[in-house]
Amino acid sequence: ISAHAQEAMSIEGQLKNGTAGAEVPQGVTVTLKVYNAGQVQETREAVSDAEGGFSFEAVPGGEGFGYVISADYAGGFYAFESDYPLPPEPVEMMVYESTSSTEAIEVRSHTLVVETADSNTRLMNTWEMVWLENTGDRTFVPDLASGGSMEVLRFSLPATARDLEVQSNLLGGQVLRVDVGFGIITPVPPGSHEIDYTYLSSYADGKLTFAHSFPFGADTFRVFLREGLGQVTGTGLQEMEPLVDEGGNRYRQLEGNNLSAGVKITLDFSGLPEPSLWGRWQDSVPGGNLTMVAIPVALGMALLALLAYVFFRKRRRLSRATAAVSGDPAQHTALTEALAH
């Protein structure tokens with residue numbers, strides 16, 4: 001990169017093929033997006049030459065500028081990002097040939113963390129983190145056009161899961177919800193990648209059972225449940241020493257190792273927070289409209305209190321009247337009949 005001025009410079013780079021024995025990526029369209037203060041200022045395109053080289057001339061630069069250089073190759077998407085100023089050496093972007101097989105995908109670590117559970121809504125907040133690696137030298141690209149079973153990155157969810165949010169350092173693709181969880185339709189280039197996702201799960205009577213499946217297995221699977229939220233057990237998982245974070249919060253820890261592809265682990269959560277007696281009564285209100293019920297109930301209770309006051313006051317009067325006429329049975333009977341009337 002040679003700077004002609006702070007406002008204009010040239011960018012040179014080269015595409016390299018990381019797949020063993022593959023051809024040089026020539027004739028590939030390379031896109032440059034120039035950002036200023038977070039907004040796209042301009043977009044340019046160049047085509048790689050016989051050596052995979054590409055260049056952009058008179059590129060604006062200066063404080064607050066940023067650059068994204070990207071290329072689509074063999075179904076995969078590759079990008080280089082940098083703020084101003086760019087490194088002095090030419091930009092090098094590695095691309096790969098593609099494969100539709102997940103054979104080289106391995107999960108190194110899978111962690112499930114339960115941080116909170118709301119007693120009023122009976123919703124458990126779960127955060128899962130997956131570190132996986134493409135151990136091959138080809139980018140995994142889902143084959144959406146084939147008529148057979150589609151191979152995608154699949155992840156398990158409880159049957160009651162909702163409000164799913166997924167974040168990843170993988171570029172492109174989309175999230176696809178399925179009955180037993182969700183899949184990510186995105187290319188996975190060689191190397192390590194991280195996928196994080198959060199969701200809410202409804203539970204009943206303080207319990208939630210979750211058959212967690214591992215389509216790609218896992219070298220290590222850990223479950224962390226914050227102390228005070230309840231208990232958790234898992235088939236084949238061992239109890240480990242509690243984890244204490246920097247804030248002093250303690251988490252119960254379960255761990256399993258060397259999980260084979262396709263294995264399922266049943267997680268049983270129990271003792272989760274439940275609503276108070278008042279909360280349960282609110283939940284029992286038809287339609288959930290507490291106001292429509294509470295006002296008549298309050299009026300009814302006030303009326304009962306008033307009737308009770310009148311009743312006991314009359315009983316006191318009756319007692320005094322009865323004492324006064326206790327010597328005359330005829331008067332006693334008459335008074336009783338009058339009160340009854």
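Is His-193 buried or exposed? I looked it up: His-193 is buried, at a relative accessible area of 9% (buried is under 20%, exposed over 50%, with a 1.4 Å probe and protein chains only).

I noted the ground rules next. The model is predicted, so I kept local features to pLDDT of at least 70 and side-chain atom pairs to pLDDT 80 or more, while totals for chains, interfaces and linings use all residues. Numbering runs from 1 along each chain as its sequence is written, and side-chain values use heavy atoms, without hydrogens and water.

**His-193.** I found this residue in strand S17 (residues 191-202); strands are DSSP runs of E, at least two residues, numbered from the N terminus. I then checked its side chain. A polar atom there lies 2.7 Å from the backbone oxygen of Pro-189. The His-193 side chain also reaches the backbone oxygen of Gly-191 at 3.5 Å. Beyond four places in sequence, I listed contacts of His-193 (heavy atoms within 4.5 Å) that include Trp-131, Asn-169 and Val-188.

**Sheet.** I traced an open, antiparallel sheet of 3 strands, ordered S18-S23-S20. S18 (208-214) and S20 (231-234) are the edges; each has a single partner strand, so one side of each lacks a neighbour in the sheet. Pairing needs at least two DSSP bridges; S20 and S23 (residues 263-270) have 4. Thr-233 has Asp-268 in S23 as its bridge partner.

Terms used: Polar contact = N/O pair within 3.5 Å; in protein donor to acceptor, adjacent residues only side chain to side chain.
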